[in-house]
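Q: I would like a close look at a single part of this model, taken step by step. Please keep the wording plain.

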Amino acid sequence: MTVRIVVLAKQVPDPETPPSQFKIDESTNKVIPPNGVPPVVNGFDLNAVEAAMRIRDSGADVEITVLSAGSHFVMDAMKKPLAMGADRLVLVDDTGLDEIDSAATVKVLAAAIKKDGPYDLVLGGRQASDWDQAHVTLGLAEILELPLVSLVQKLELKNDSVLLQRVIPDGYQEITAPIPSVITITNEIGEPRYPNLRGIMQASRKKPEFFSLADLGLSLSDLTPKLVLKKLYVPESNKQVELIVGEDEADSGKKLALRLREEKLI
Amino acid sequence: MTSVLLIAERDVLGEISQSTLQLISAANELDDPQLTVAIAGSAPESATSLAIGKLVTLPAISDDEVGIYDQITADVAALVTSTNPDIVILSKSDFGTVVGSRVAFRLDLALASDCIAISNSGGMVNVTRPVYGGSALAEFEFASSPAVVTLRPGAYEPNVDAGSPSIEAFESVVAVNKAASVTGTVAQASEGVRLEDASFVISGGRGLGGAEPFSVLADLANALGGAVGASRAACDAGWIDHSHQVGLTGKSVSPDVYMAVGISGASQHMAGCSSSRVIVAINKDGDSNIFKEARFGVVGDWEKVLPSFLATVRELRA
Ligand SMILES: Cc1cc2nc3c(=O)[nH]c(=O)nc-3n(C[C@H](O)[C@H](O)[C@H](O)COP(=O)(O)OP(=O)(O)OC[C@H]3O[C@@H](n4cnc5c(N)ncnc54)[C@H](O)[C@@H]3O)c2cc1C
Ligand SMILES: Nc1ncnc2c1ncn2[C@@H]1O[C@H](COP(=O)(O)O)[C@@H](O)[C@H]1O
């Protein structure tokens with residue numbers, strides 16, 4: 001029997017964008033996309049794709065669907081999970097989705113999952129690197145009324161359940177969850193695999209499947225934000241560093257210790 | 001009047017955590033606040049003398065619930081429904097993130113996580129939260145009530161006032177079907193002072209180049225009674241366990257001195273240490289961002305700077 005896995009993946013501005021290129025248009029409260037830095041799939045979501053691929057590597061018969069809600073999708077970015085080995089890419093594409101909050105995102109993703117499902121596992125990232133909220137996947141478990149396990153660094157299918165390792169501040173827990181469940185994946189699972197040539201070729205031939213909001217029985221009026229963005233800005237830093245310069249690097253180290261002592265810091 | 005429900009957490013000794021005391025400080029800045037603290041399990045000594053109006057005890061969290069938090073989520077949701085506070089505040093910890101999100105979505109409430117400031121006036125609740133890894137700040141207004149907020153540790157000072165709250169037990173009424181179960185816990189015990197509690201933290205990054213140099217950091221931490229932290233890059237490389245990671249998706253620390261060695265100072269790293277009293281940087285690249293965040297710095301190779309720093313520290317403390 002085929003195990004159907006859906007991986008939630010969000011397109012985000014590249015978090016490695018140098019701070020000097022990170023700009024905000026304060027009249028629209030939007031990030032100005034930096035020239036020549038294309039968006040990427042959120043890092044933790046690629047970790048989730050990797051998690052799904054490892055289930056396949058273990059010998060299970062799996063179908064991996066990548067699901068994203070947004071607009072202005074850049075296919076070079078969004079097809080990376082396909083190049084890693086995912087089977088399908090499903091995009092809910094509507095410019096109205098630019099303005100929504102996470103409560104509305106959960107509504108859209110839940111509707112898409114109900115339409116395209118049922119799935120045996122819903123995998124998401126631990127957080128999206130744009131708004132850093134870390135609650136869309138958790139909220140989805142509530143709305144779908146499915147069991148939730150967050151911050152998973154290892155997973156393995158066993159009969160009708162899934163064995164998980166969940167990262168806690170000082171170690172990890174071993175958890176058994178039923179199928180279906182909602183699981184958030186963290187970077188501790190390990191680097192997402194690099195697409196190989198065959199994967200890239202296959203991905204280039206695959207066409208994404210599109211859903212409109214209407215296909216999901218939703219309209220923008222169902223998606224008014226509960227949390228309204230009032231202001232977005234780059235904080236000013238007025239910190240001044242005092243550089244300690246010795247005769248050589250070793251001397252600088254010594255002088256640093258003396259200076260910290262003078263300030264009664266050590 | 002603003003009615004505020006704070007969901008408490010415990011420290012390793014079972015007493016009220018420092019992060020919970022920070023929630024009280026945040027709530028005290030609201031308009032005419034009426035504070036209720038809810039805590040799972042019987043009230044510890046430190047809870048019964050908090051400077052709040054009411055203390056509510058919830059059923060204890062059993063060990064095999066931790067991480068899944070089905071029962072406590074149901075209990076907090078029931079408490080929110082029955083008391084209808086204006087604002088519910090939790091810490092942005094593992095517990096607060098899971099329970100806060102689940103309660104908010106279960107009750108269809110608006111949620112803002114990892115906030116560094118909260119205020120209200122004229123019935124409107126506003127929060128500020130870092131976004132884009134900390135490259136930007138965003139101010140939000142809640143369009144509905146109750147507002148659910150998780151607060152970044154270190155954003156407020158702990159409240160140390162004493163009071164005598166009334167104490168009430170909240171009976172768990174909602175039955176929970178255990179969906180997933182915890183079958184074991186593997187602790188990655190680190191020796192010495194806990195990273196979160198240390199007054200001196202020395203962290204290493206990709207610039208250290210391997211696992212071996214972390215022993216030099218450990219020597220320094222030992223000499224100063226501190227703890228060792230790391231950047232995500234160092235943890236991902238396998239040089240040190242992830243339990244040492246400081247940052248947005250790691251631990252939040254606010255020591256007197258935070259020393260960053262071979263760390264570039266990405267906003268996501270700074271998110272975990274920017275409330276430190278003083279940041280000290282050692283980095284061979286004078287242009288790296290860490291020097292925009294640090295109070296003291298040495299531009300140089302850690303392999304040359306650190307040994308003499310350590311030797312001088314030892315002399316000074318001898
Ligand atoms: C959503 C999200 C969450 C994240 N969460 C975290 C988090 O919680 N914590 C975290 O740390 N990161 C986090 N990151 C990653 C973060 O963006 C950076 O990639 C990471 O912090 C970089 O680590 P680093 O400074 O060690 O490495 P680099 O950025 O590679 O910096 C290495 C530094 O070492 C210096 N160096 C090299 N050799 C030497 C030498 N011999 N002597 C002295 N200096 C030397 C270099 O000049 C350089 O500045 C997150 C990223 C995302 C997208
Ligand atoms: N618009 C979206 N489309 C698909 N998945 C999403 C979207 N927004 C969030 N997610 C998923 O939810 C996780 C947490 O996102 P967030 O709560 O925004 O930090 C991400 O890592 C994704 O897996």
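Q: Which backbone N or O atom lies 2.9 Å from an oxygen atom of ligand 2?

A: The model is a predicted one, and every value below was computed from it. The atom in question belongs to A:Gly125, whose backbone N or O atom lies 2.9 Å from an oxygen atom of ligand 2. The side chain of A:Asp45 has an N or O atom 2.5 Å from an oxygen atom of ligand 2. At A:Ala69 the backbone takes part, with an N or O atom 2.8 Å from a nitrogen atom of the ligand. Taken alone, ligand 2 exposes 480 Å², and the protein buries 99% of that.

The surroundings come next. There are 19 residues around ligand 2, and those that come nearest are A:Asp45, A:Ala128, A:Ala134, A:His135 and A:Val136. By class, this shell has 8 nonpolar, 9 polar and 2 charged residues. Four elements of chain A each supply at least two residues of the shell: strand S6 (62-70), helix H4 (102-116), strand S8 (121-125) and helix H5 (136-144). Strand S6 of chain A gives the most, with 3 residues.

Chain A itself gives the setting for this site. Its secondary structure comes to 7 helices and 15 strands. Along its principal axes, the C-alpha trace spans about 70 × 45 × 40 Å. Chain A has 266 residues, of which 53% count as buried; here, buried means under 20% relative accessible area. Among contacts in chain A with a separation of 6 or more, 72% are between residues 24 or more positions apart. The accessible surface of the chain is about 12400 Å², and 51% of it belongs to carbon and sulfur atoms.

Chain A also meets chain B. In this interface, 81 residues of chain B are in contact with 74 residues of chain A. Between them the two chains bury about 6700 Å², 59% of it on carbon and sulfur atoms. Of the area that chain B buries against chain A, B:Phe105, B:Tyr132 and B:Phe296 supply 12%, more than any other three residues.

Ligand 1 can be read in a similar way. Residues from chains A and B surround ligand 1, so its site is shared between chains. The surrounding residues number 29, and the closest are B:Arg206, B:Ser231, B:Ser264, B:His269 and B:Asn283. They divide into 8 nonpolar, 15 polar and 6 charged. The side chain of B:Asn283 has an N or O atom 2.7 Å from an oxygen atom of ligand 1. B:Gln245 has a polar side-chain atom 2.9 Å from an oxygen atom of the ligand. A backbone N or O atom of B:Val246 lies 2.8 Å from a nitrogen atom of ligand 1. Taken alone, ligand 1 exposes 980 Å², of which the protein buries 85%. The elements that give two or more residues to this shell are helix H6 (232-236) and helix H7 (267-270) of chain B.

One last residue ties in with that shell. B:Ser288 sits in the loop between strand S15 (278-283) and helix H8 (290-293) of chain B. Leaving aside residues up to four places away in sequence, B:Ser288 touches B:Ser264 and B:Asn283, both of which are among the residues closest to ligand 1. B:Ser288 counts as buried because its relative accessible area is 8%, and buried means under 20%.

How values were computed: Residues are numbered from 1 along each chain as its sequence is written. Chains are lettered from A and ligands numbered from 1 in the order in which they are written. This is a predicted model: local features need pLDDT of at least 70, side-chain atom pairs count only at pLDDT 80 or more; totals for chains, interfaces and linings use all residues. Side-chain values use heavy atoms; hydrogens and water are left out. A residue is near a molecule or strand if one of its heavy atoms lies within 4 Å of it. A polar contact is a pair of N or O atoms within 3.5 Å; within protein, one must be able to donate a hydrogen and the other to accept it, and residues adjacent in sequence count only if both atoms are side-chain atoms. Accessible areas come from the Shrake-Rupley method with a 1.4 Å probe; for residues, only the protein chains shown count as cover. Ala, Val, Leu, Ile, Met, Phe, Trp, Tyr, Cys and Pro count as nonpolar, Asp, Glu, Lys and Arg as charged, and the others, Gly among them, as polar. Buried means under 20% relative accessible area, exposed over 50%, partly exposed in between (1.4 Å probe, protein chains only). Contact means heavy atoms within 4.5 Å. Buried area is the accessible area (1.4 Å probe) that two parts lose on being put together, summed over both.
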